[in-house]
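Me: I am new to this structure. Please walk me through it in short questions and answers.

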Amino acid sequence: MTRWLTLVLLIGVACRARPAILDGTAVVARTEGRYGNRAERYVHMEVGHAAQNLALQAVALGLGSCVAAARGRRVWAGLLGGLALATKQTGLAWIPLAIGFAQCPKFNVQGLMSNVQCPEAGSRLSNLKSLISDHWSLVIGHWSFLLGFLLVLGGTVVWDCVRMAQGAESFWSMGVTAYGSLRLIWPQELWARARGWIGLARYVFASPIVNGILLAGLPALVWSAITRRRYTHKALVDLLLVSFLVLYLLLHWLWAFPVWDRYLLPLVPLLSVLLGRILSLFASWIRSTFYVLRPTSCVLPVSYTHLRA
C-alpha cells in the first residue's frame with residue numbers, strides 16, 4: 001500500500017508541478033496511555049525532533065548546499081557545503097552539483113545568442129553592458145560561494161590540528177581509511193562490484209515498477225533535454241542531475257569505496273526529483289497527443305457521414 005501511495009503522490013507532484021511535502025502523523029491516544037495530559041505536547045516535540053534530524057541529515061548529505069545554490073544564496077550554499085564536508089568527507093562530491101545549480105539560472109544560451117545575432121534587439125553597447133554585468137555577477141557568485149566554503153573549511157582544519165596536537169588521529173586520515181584507502185579498483189573487481197551496486201540499487205524505491213519507470217524514463221528525459229530547440233532552465237537542471245548521477249555511480253564503482261547501501265542514500269532525493277520529471281514529461285506527452293488527436297476524432301464521423309451519403 002505504501003508503494004502505491006508513494007507512486008500516486010509522485011504522479012500528483014509531477015502533473016501539478018507542486019513541491020513534495022513530508023507529513024508527520026501520530027496517534028495521540030496511544031501516547032495518552034503513558035503520559036496522560038502531556039501526550040499532545042510530547043507528540044509535537046517528537047515531530048519537531050524528527051524534522052530537525054531530517055534537516056541535519058539533508059545538510060550532512062550535501063542537499064542543503066544544493067537547495068541554497070538553486071535559490072541564489074551562494075554564501076549559504078558555500079557554508080552548507082563546508083558543513084557537509086566537515087560532517088563527512090563525501091560531502092565534497094556535492095560541491096560541483098551545488099556550483100552547477102548556482103549557475104543554471106544564469107545560463108541562458110538562447111538569450112545570449114539572440115543578443116549576439118540580432119542587432120534589432122538593442123544596441124551593441126547595451127548588449128556589451130549586459131554581457132559584462134552577467135560576467136561580473138558570475139564572478140561575484142563564485143567568490144561568495146568560495147568564501148562561505150573556506151570559512152567552514154578553515155575552522156575544520158584548525159579543529160583537526162588541535163585534535164592532532166593532543167594525540168588524536170587526523171580527521172582526514174580516518175576518513176581515507178574508512179573509505180577503503182581511496183584507490184582505483186583492480187580489473188578483477190569490476191564485475192563483482194558492479195553486481196553488488198546493482199543489487200543494492202534495486203532497493204532504492206523497493207518497487208520493481210517504480211525502478212523500471214525510472215530506468216526507462218532517464219534516457220527519454222535526456223533525449224528530450226538535448227533535442228529542445230531552446231535550452232530552458234528545466235532542461236539544464238535535468239542534464240545536470242543525470243550527469244551528476246552517472247559520475248557519482250562511476251566514482252563509487254571504479255574507486256574502492258565499500259559496497260554499502262548508505263552510499264546510495266544521498267541519491268534518493270535526486271532520483272525522486274528525476275522520477276517526478278519523468279512523470280511530468282509523460283503527462284505532457286499525453287496532453288499533446290490527445291490535443292493532436294482531438295481534431296482528427298472530430299473529423300472522422302463527419303467524413304464517414306459524407307461517405308455514406
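Me: How do α10 and α12 lie to each other: roughly parallel, roughly antiparallel, roughly perpendicular or oblique?
Reply: In this predicted model, side-chain atom pairs count only at pLDDT 80 or more and local features need pLDDT of at least 70, while totals for chains, interfaces and linings use all residues. The axes of α10 (190-201) and α12 (233-254) cross at roughly 130 degrees and come within 9 Å; axes are lines fitted to C-alpha atoms, for helices over the stretch in contact, and angles run from 0 to 180 degrees between N-to-C directions. Under 35 degrees counts as roughly parallel, over 145 as roughly antiparallel, 65 to 115 as roughly perpendicular and the rest as oblique. α10 and α12 are therefore oblique.

Me: Which residues make the contact between α10 and α12?
Reply: Contact means heavy atoms within 4.5 Å. By class, five nonpolar, one polar and one charged residues take part; Ala, Val, Leu, Ile, Met, Phe, Trp, Tyr, Cys and Pro count as nonpolar, Asp, Glu, Lys and Arg as charged, and the others, Gly among them, as polar. They are L190, R193, A194 and W197 of α10 and H252, W253 and L254 of α12.

Me: How do α4 and α6 lie to each other: roughly parallel or roughly antiparallel?
Reply: The axes of α4 (63-70) and α6 (95-103) are 7 Å apart. The angle is about 15 degrees. That makes α4 and α6 roughly parallel.

Me: Which residues of α4 and α6 make the contact?
Reply: The contact of α4 with α6 has seven nonpolar, one polar and no charged residues. From α4 come S65, C66, A69 and A70, and from α6 come L97, A98, F101 and A102.

Me: How many of the nine residues of α6 are buried?
Reply: Buried means under 20% relative accessible area, exposed over 50%, partly exposed in between, with a 1.4 Å probe and protein chains only. I95, L97, A98, G100, F101, A102 and Q103 are buried in α6. The helix is mostly covered, and its buried count is seven.

Me: Which residues touch the most other members of the largest nonpolar core?
Reply: A nonpolar core is a set of buried Ala, Val, Leu, Ile, Met, Phe, Trp, Tyr and Cys residues joined through side-chain atoms within 4.5 Å. The largest one holds 39 residues. Its largest share, seven residues, comes from α12. The residues asked for are L97, F101 and L267.

Me: Which residues is L267 in contact with, leaving aside its neighbours within four places in sequence?
Reply: Residues are numbered from 1 along each chain as its sequence is written, and side-chain values use heavy atoms, with hydrogens and water left out. With the sequence neighbours set aside, the contacts of L267 are F244, L245, Y248 and L249.

Me: How far apart in space are S243 and L97, C-alpha to C-alpha?
Reply: S243 lies in α12 and is partly exposed, at 40% relative accessibility. S243 and L97 are 146 residues apart in sequence. In space, the distance is 9.4 Å.

Me: What is the phi of A206?
Reply: Most residues other than glycine have a negative phi. A206 is not a glycine, yet its phi is positive. It sits in the loop between α10 and α11.

Me: How many helices does the protein have?
Reply: Helices (H or I, at least four residues) and strands (E, at least two) are DSSP runs, numbered from the N terminus. The protein has zero strands. Its helix count is 13.
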